[in-house]
Amino acid sequence: QIKMAADDRQARFQRMNAIENTCVGVATGAIDATLTQWMIYCKNATQQKIPIIFNPLILYRGYIMSVINSVVLTGVQFPLTGATSRVILYNQPKKKNIK
């Protein structure tokens, strides 16, 4: 039953249209940028050999541009991946359900 639930979930994602894929990509990009912004700041500060200041105003400097970047990239990536998957799956022979 768990296997069937996973298959249903996968099939549901494969049936998503381009707008749904774009919405998922945009949301994913915004979440990713929000959760990783402070780590990017720490990485950049370490590379530039400047002290790391744990002030949210400093940690999240450049946050808006980071979100825009991630949203655009994943917002385009998700529908393109969906379209590519449909092309690949469309050209595959249909599997017969053997029980």
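Q: Which residues form the nonpolar patch on the surface, and how much accessible area do they have together?
A: In this predicted model, the patch is made up of Ile-64, Met-65, Ile-68, Val-72, Val-76 and Leu-80. Together they have about 590 Å² of accessible area.

Q: What makes Ile-64 count as exposed?
A: Its relative accessible area is 55%, and exposed means over 50%, so Ile-64 gets the label. As for where it sits, Ile-64 lies in helix H4.

Q: Why is Ser-70 called buried?
A: Ser-70 has a relative accessible area of 13%. The cut-off for buried is under 20%, so Ser-70 falls on the buried side. Ser-70 also belongs to helix H4, which covers residues 63-90.

Q: What does Ser-70 touch, leaving out residues up to four places away in sequence?
A: Gly-29, Asp-32, Ala-33 and Gly-75. Contact here means heavy atoms within 4.5 Å.

Q: How far apart are Ser-70 and Val-26, in sequence and in space?
A: They're 44 residues apart along the chain, yet 7.9 Å apart from C-alpha to C-alpha.

Q: Why is Gln-37 called buried?
A: Set its relative accessible area of 5% against the limit of under 20%, and Gln-37 is therefore buried. Gln-37 is part of helix H2, residues 18-47.

Q: Which residues is Gln-37 in contact with, once neighbours within four places in sequence are left aside?
A: Gln-37 contacts Leu-59, Tyr-60, Arg-61, Gly-62, Tyr-63 and Ser-66.

Notes
Residues are numbered from 1 along each chain as its sequence is written. This is a predicted model: local features need pLDDT of at least 70, side-chain atom pairs count only at pLDDT 80 or more; totals for chains, interfaces and linings use all residues. Side-chain values use heavy atoms; hydrogens and water are left out. Helices (H or I, at least four residues) and strands (E, at least two) are DSSP runs, numbered from the N terminus. Buried means under 20% relative accessible area, exposed over 50%, partly exposed in between (1.4 Å probe, protein chains only). Patches are made of residues with over 30% relative accessible area and no salt bridge: like charges are joined within 9 Å, nonpolar side chains (Val, Leu, Ile, Met, Phe, Trp, Tyr) within 5 Å. Accessible areas come from the Shrake-Rupley method with a 1.4 Å probe; for residues, only the protein chains shown count as cover. A salt bridge is a side-chain nitrogen of Lys or Arg within 4 Å of a carboxyl oxygen of Asp or Glu.
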